[in-house]
Amino acid sequence: KTLRREFVVDHAIAFSLWGNNDLWNLMQVDAKVNSLKSDKLPCAQLLADRKQAILEDWEVLRDAMPAVFDRQASHLLGFTTQVTGSRISELFSRFKEAIEVTAIQRGVERWVI
């Protein structure tokens, strides 16, 4: 797996909301989409629709920096682990939960495409 040729890096949970540059929070997106999104959080349906692309981004990032990715993802998961196999699904579930909690607590507008 590789990164697309033309993309920008975006935070799934905006840096202004979490102050987080962890690898699991960074996604490759089209520049036009990124400018429309602003600091909105993705809605549940968008996450479901983009799950495979998110997992592929994570795979690229973990392949490039496994120790860093695992350390950062372990922090989100709440326990130390290598993020492989079923742990990827756990990470995605925790990722969705973090987005939902942030949206509710902060009253952040949702991003729907």
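In which hand does H3 cross H5? The crossing of H3 with H5 is right-handed. The views below come from a predicted model.

**View 1. Helix H3 packed against helix H5.** The axes of H3 and H5 lie 11 Å apart, at an angle of about 135°. H3 is therefore oblique to H5, and its crossing with H5 is right-handed. On the H3 side the contact is formed by Ala44, Leu47, Lys51, Ile54, Leu55 and Trp58. On the H5 side Ile88, Leu91, Phe92, Phe95, Lys96, Ile99 and Glu100 take part. By class, the residues in the contact of H3 with H5 are ten nonpolar, three charged and no polar.

View 2. H4 runs over residues 66–77. The buried residues in H4 are Phe69, Asp70, Gln72, Ala73, Ser74, Leu76 and Leu77. After H4 comes Gly78, with a positive phi near 95°.

**View 3. Helix H4 crossing helix H5.** The H4 and H5 axes come within 9 Å of each other and cross at roughly 55°. This angle makes H4 oblique to H5. The crossing of these two helices, H4 and H5, is left-handed. From H4, the residues in contact are Phe69, Ala73, Leu76 and Leu77; from H5, they are Glu90, Leu91, Arg94, Phe95 and Ala98. Seven residues of the contact of H4 with H5 are nonpolar and two are charged, with no polar residue. An α-helix has 3.6 residues a turn, so residues three or four places apart point the same way. Leu91 and Phe95 of H5 are listed in this contact and also in the contact with H3.

**View 4. Lys40 in the loop between H2 and S3.** Lys40 sits in the loop that joins helix H2 (31–37) to strand S3 (41–42). With a relative accessible area of 25%, Lys40 is partly exposed. Lys40 and Glu109 are separated by 69 residues in sequence, yet their C-alpha atoms are 5.2 Å apart. Leaving aside residues up to four places away in sequence, Lys40 touches Ala12, Val108, Glu109, Arg110 and Trp111.

Conventions. Residues numbered from 1 in each chain as written. Predicted model: local features only at pLDDT ≥ 70, side-chain atom pairs only at ≥ 80, totals over all residues. Heavy atoms only, no water. Helix = DSSP H or I, 4+ residues; strand = E, 2+ residues; numbered from the N terminus. Expected span 1.5 Å × (residues − 1). Buried < 20%, exposed > 50% of the residue type's maximum accessible area, 1.4 Å probe, protein only. Axes fitted to C-alpha atoms, helices over the stretch in contact; angles between N-to-C directions. Parallel < 35°, antiparallel > 145°, perpendicular 65-115°, else oblique. Left-handed = near helix turned anticlockwise from the far one by under 90°. Contact = heavy atoms within 4.5 Å. Nonpolar A, V, L, I, M, F, W, Y, C, P; charged D, E, K, R; others polar.
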